[in-house]
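Please read it alongside the sequence and the coordinates.

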Amino acid sequence: MEKSEKIWLDGQFVPWHEANVHVLTHTLHYGFGVFEGIRCYQTSQKKSIVFRLPEHVDRLFDSAKILGIEIPFAQKEIFAAILNVVRENRLEECYIRPIVFLGHNKMGLNPNGVDVRVAIAAWPWGTYLGDDALNKGIRVRVSSFIRHHVNITMTRAKACGYYINSILAKAEAVQDGYDEAILLDPSGFVSEGSGENIFLLNKGTLSTPSLSCSNLDGITRDAVFEICKDLKIDIEERCITRDELYIADEIFLTGTAAEITPVREVDNRTIGTGKKGEITDRIQKTFFDTIRGDNPQYEKWLTEV
C-alpha cells in the first residue's frame, strides 16, 4: 500500500501513522461496522473527480441504518470530509475508504452504548485485478463457499464482518490459480464475485442476478443499467444458474475497485471467443470515457474535488 499523509478520524485530520485504534476496539473483535469503497479519478482536463459520491455516502448511511448504527455525523459532513481527505493529501487519483466502526469503551455482543467512530482514508491504488485484466479479461472459478442468506446478515448492508465470506472465496480461487471467485446464493443461483457484481450476455440480452440473490446493490452495477439503457442494450435482472455462465457469450464483473472487468474463462470453460466481447467493450468504453470527463452525458456522476 502506498501511504498518504493524513487520515480523517472522528472529525479531525491526524498523520497516517497516528490513526490508530485500541486492541479492544469492538469492530476488530466482532466485525460490526460498515464501510465504502470510492474512487477518485483524474480527468483528461486534469481535474480530480469522485465517481458517484452522493450514492456512496447514501449507501454508507443506509448500511449503518440496517445494522442499527447511528453515525455521529450528518451526511453532508461525511460528504465534505471525503473531498477534504483527497485535497489534504494532494491526491490526483486515489481509492477512498470511509469506515464506521465501534470503539473500545465496552465489550460484548450488545452494541448499545459503544462509541461510534468514523475514519476516512485515501491512497493511490491502481487496477484491482491486474493491469491486463481490463483488456484481456480474467479467469474465475465458482467458489465452494456460498453467499449469505438474505435473512442471516441482511445483504443490502456493506458490513465489515460479511467480508470474511469474500476473503475465503477469494483466497481459495487464487490458491487454485484463478483471479477471482464467483459465489452462488443459498438456493444455488449465481450471486456475485468476492467483491464485484456479475453480468452475462446470452443471445443478445444482458443479465445480472436480481438483488434477492444475496448480492450487494452495487453502485457501478447501477451505472451499467443506465449506460445500457442509453446504448439500447437489452438488460434484465433475474435468477441465473451456474451452467448459464459456461455457455454465455460474454461475462464481465463490475465494482468500484474492479471497474468493468471482462471474464474470459469460468471453471476452465472459455467464455465466448476468450477475449473481451463487443458489448462489454462498449459498456467499458462508455464507463471510462465518463470517469475521464469525456462524456458529458454522465456529468451528474462526477463530483469535482
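In what sense do strand β3 (residues 33-35) and β6 pair, and over how many bridges? The two strands pair in the antiparallel sense, over three bridges, where pairing requires that DSSP finds at least two bridges between two strands. The model is a predicted one, in which local features need pLDDT of at least 70 and side-chain atom pairs count only at pLDDT 80 or more, whereas totals for chains, interfaces and linings use all residues. Residues are numbered from 1 along each chain as its sequence is written, and side-chain values use heavy atoms, with hydrogens and water left out.

Helices (H or I, at least four residues) and strands (E, at least two) are DSSP runs, numbered from the N terminus. Strand β6 (residues 94-102) has seven of its nine residues buried, so it is largely enclosed by the rest of the structure; buried here means under 20% relative accessible area, exposed means over 50%, and partly exposed lies in between, with a 1.4 Å probe and protein chains only. Strand β7 (residues 116-123) pairs with β6 in the antiparallel sense over eight bridges, and in β7 the residue opposite L102 is V116.

The loop between β6 and β7 contains L109, which is exposed, with a relative accessible area of 72%. L109 belongs to a nonpolar surface patch together with V23, L24, L28, Y30 and M107, and the accessible area of the patch is about 620 Å². Such patches are made of residues with over 30% relative accessible area and no salt bridge, like charges being joined within 9 Å and nonpolar side chains (Val, Leu, Ile, Met, Phe, Trp, Tyr) within 5 Å. Accessible areas come from the Shrake-Rupley method with a 1.4 Å probe, and for residues only the protein chains shown count as cover.

**Two helices**

The expected span of a helix is 1.5 Å times one less than its number of residues. Helix α7 (residues 219-231), with 13 residues, reaches 18 Å from its first C-alpha to its last, close to the expected 18 Å. Its buried residues are I219, T220, R221, A223, V224, I227 and C228, and just after α7, K232 takes a positive phi of about 60 degrees.

Helix α9 (residues 278-291) has 14 residues that should span 20 Å, which agrees with the 20 Å between its end C-alpha atoms. Because 10 of these 14 residues are buried, α9 is largely enclosed by the rest of the structure. Just after α9, G293 takes a positive phi of about 80 degrees.

**Salt bridges**

The structure holds 21 salt bridges, each a side-chain nitrogen of Lys or Arg within 4 Å of a carboxyl oxygen of Asp or Glu. Among them are the following pairs.

| Pair | Closest N to O distance |
|---|---|
| E259 and R39 | 3.9 Å |
| R52 and E55 | 3.2 Å |

E259 counts as buried at 5% relative accessibility, and R39 is buried at 7%. R52 counts as buried at 5% relative accessibility, whereas E55 counts as partly exposed at 26%; R52, E55 and D222 are linked in a network of salt bridges.
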